[in-house]
Amino acid sequence: MGDLIGIVILLAIFFLPGMITNYKFDHRLPPEGYRTDYGAMARDMNNGMSKMDAMRKANNGGYNVKK
């Protein structure tokens, strides 16, 4: 029983932050008057940025540009 609880806690520690970031990325809309620059996101990922880092940057507004 203790092993099961330990495994659940480890899964929560390692996988839950990634799942939350992915959920926020999938359901995020840019603020009014802005749009998301998907070209810049694609360039960053082609230049070696990981998908998770690009999602974090998008969630923080790094790809928002004025219309």
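Which backbone nitrogen does a side-chain oxygen of Asp37 reach at the start of helix H2? The points below begin with that matter; the model is a predicted one.

1. Helix H2 spans residues 38-46. At its start, the backbone nitrogen of Gly39 has a side-chain oxygen of Asp37 within 3.3 Å. Just after H2, Gly48 adopts a positive phi of about 110 degrees.

2. Thr36 belongs to strand S1, residues 34-36. Its relative accessibility is 14%, and Thr36 therefore counts as buried, the cut-off being under 20%. Leaving aside residues up to four places away in sequence, Thr36 touches Arg28, Pro30, Met41, Tyr63 and Asn64.

3. Asp53 is located in helix H3, residues 51-59. With a relative accessible area of 37%, Asp53 is partly exposed. The side chain of Asp53 makes a polar contact of 3.1 Å with that of Ser50. Asp53 and Phe14 are 39 residues apart along the chain, and 16 Å separates their C-alpha atoms.

4. Helix H1, residues 2-26, packs against H3 at an angle of about 55 degrees, and the two axes are 9 Å apart. H1 and H3 are therefore oblique to each other, and H1 passes H3 in a left-handed crossing.

5. On the H1 side, the residues that meet H3 are Gly18, Thr21, Asn22, Lys24 and Phe25. Their counterparts in H3 are Met52, Met55, Arg56, Ala58 and Asn59. By class, this contact of H1 with H3 comprises 4 nonpolar, 4 polar and 2 charged residues.

Conventions: Residues numbered from 1 in each chain as written. Predicted model: local features only at pLDDT ≥ 70, side-chain atom pairs only at ≥ 80, totals over all residues. Heavy atoms only, no water. Polar contact = N/O pair within 3.5 Å; in protein donor to acceptor, adjacent residues only side chain to side chain. Helix = DSSP H or I, 4+ residues; strand = E, 2+ residues; numbered from the N terminus. Buried < 20%, exposed > 50% of the residue type's maximum accessible area, 1.4 Å probe, protein only. Contact = heavy atoms within 4.5 Å. Axes fitted to C-alpha atoms, helices over the stretch in contact; angles between N-to-C directions. Parallel < 35°, antiparallel > 145°, perpendicular 65-115°, else oblique. Left-handed = near helix turned anticlockwise from the far one by under 90°. Nonpolar A, V, L, I, M, F, W, Y, C, P; charged D, E, K, R; others polar.
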